[in-house]
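Work through the exercises below with the model open. Each task is followed by its solution in steps.

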Amino acid sequence: MVGLNFFQILMVADMKSLESKSISKPEAKDISCDRSHKNYDFCTISGPTVLDPTILTFFVMDPKTLTPQKPTVEKVRPYPRKWETHTMSRIKEVTLISSPIIPNCEIQHKAPAIVLSAGGLTGNIFHDFNDGFIPLFITANSIFPDQDVVLVILKARDWWVSKYTEILRTFTKYPIINLDNDTTTHCFPSTNVGIISHDLVTINPKLIPNSKTFTHFHALIHKAYGQKQNHPFKFNPSKSRPILVLISRNGGVSRVLLNQNEVKFEAEKIGFNVVIFEPTPMTPMHKAYELIHLSHAIIGIHGAALTHPIFLRPGSVFMQVVPFGTEWAAEVCYARLARNVGQSTWSIGSKLRRVA
């Protein structure tokens with residue numbers, strides 16, 4: 001510094017300070033969350049994690065920020081109906097934390113985790129697909145295409161797992177981790193909490209890296225349920241008589257087809273082999289698939305049971321009876337679903353109209 005005056009010395013010192021700041025890299029975040037979507041929140045730990053299921057908490061294994069006084073903490077409810085306050089209030093929060101205090105790992109997994117809830121409106125077949133399996137398909141193909149995952153599920157009740165065993169197996173070859181009754185700590189190479197929804201019964205290929213469509217999801221359903229055709233319902237398939245499934249809503253519930261017997265008689269008179277199908281929450285999914293997939297047409301009154309046309313083959317006919325006041329839901333829920341599968345869709349309301 002010989003020959004430099006005081007102000008020059010200060011300038012050199014400031015330049016060195018700026019240079020030092022410019023080459024120092026900001027610390028990478030251990031936890032990242034996207035809360036910008038109206039349907040869901042989605043949080044990620046991109047590195048190794050430890051799950052303590054007894055407190056519903058994922059810990060970053062190698063946190064970059066080692067300040068016990070200020071750990072990074074995020075909480076998320078892993079269910080894609082964020083706009084419904086009442087429904088979301090029944091979904092437990094999962095915590096993600098970056099802290100020096102980490103529990104010991106008891107089980108090491110090689111595959112990453114996807115965390116979701118089977119609570120909320122689960123048990124209604126429409127919501128099982130719209131809020132569960134379709135978003136799970138989107139998430140798996142968006143984040144982990146062609147990669148095994150471990151499903152970590154809240155409210156994975158025995159009856160629900162049993163009912164959907166076949167489709168769950170298409171997503172993972174590993175046992176499900178049930179967050180409600182597991183007490184063992186688990187380690188994962190990475191973790192994603194939440195599932196991604198594009199809209200009601202919608203898969204937008206522009207938003208998925210490998211451009212998966214609803215056709216691919218339909219193929220996944222066939223992979224789950226199409227391995228056997230045992231004709232569980234009492235009818236005789238005939239090459240000369242197309243099969244019409246009439247979805248019944250008997251039992252004193254609203255929106256009942258009062259002249260069901262007459263509809264059946266008229267359909268048989270014009271050449272259909274008619275099967276009355278009255279699904280219940282306990283109807284095995286593989287049996288419903290076997291019936292619907294064999295059929296050529298479905299007719300029913302607007303309601304959750306009209307999710308079953310997701311099992312129809314492309315080119316089949318779907319006819320929905322739309323009561324007054326349900327036009328919007330009938331269109332965005334079931335008519336859209338049928339079109340996504342590639343069916344010819346008709347609605348019967350104040351007038352008969354073809355919508356696809």
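**Exercise 1. Find the largest nonpolar core and say which residues have the most contacts inside it.**

Step 1. Apply the rule: a nonpolar core is a set of buried Ala, Val, Leu, Ile, Met, Phe, Trp, Tyr and Cys residues joined through side-chain atoms within 4.5 Å. Buried means under 20% relative accessible area, exposed over 50%, partly exposed in between (1.4 Å probe, protein chains only).

Step 2. The largest such core holds 59 residues. F129, Y164, I167, F217 and F311 have the most contacts inside it.

Step 3. Helix 3 (residues 125–143) gives the largest share of this core, 9 residues. Helices (H or I, at least four residues) and strands (E, at least two) are DSSP runs, numbered from the N terminus.

Step 4. Domain 1 (31–227) and domain 2 (243–354) each supply at least three residues to this core. The domain bounds come from an automatic or database domain assignment.

Step 5. Another core lies apart from it, with 20 residues, among them L96, A113, L179 and V193.

The model is predicted: local features need pLDDT of at least 70, side-chain atom pairs count only at pLDDT 80 or more, and totals for chains, interfaces and linings use all residues. Residues are numbered from 1 along each chain as its sequence is written, and side-chain values use heavy atoms, without hydrogens and water.

**Exercise 2. List what I167 touches, not counting residues up to four places away in sequence.**

Step 1. Contact means heavy atoms within 4.5 Å.

Step 2. With those residues left out, I167 touches F129, F133, L220, I221, A224 and Y225.

**Exercise 3. Is H218 buried or exposed? Which residues is H218 in contact with, leaving aside neighbours within four places in sequence?**

Step 1. Locate H218 in helix 6 (residues 214–225).

Step 2. H218 counts as buried because its relative accessible area is 13%.

Step 3. Beyond those neighbours, H218 contacts I310, F311, L312, P314 and V341.
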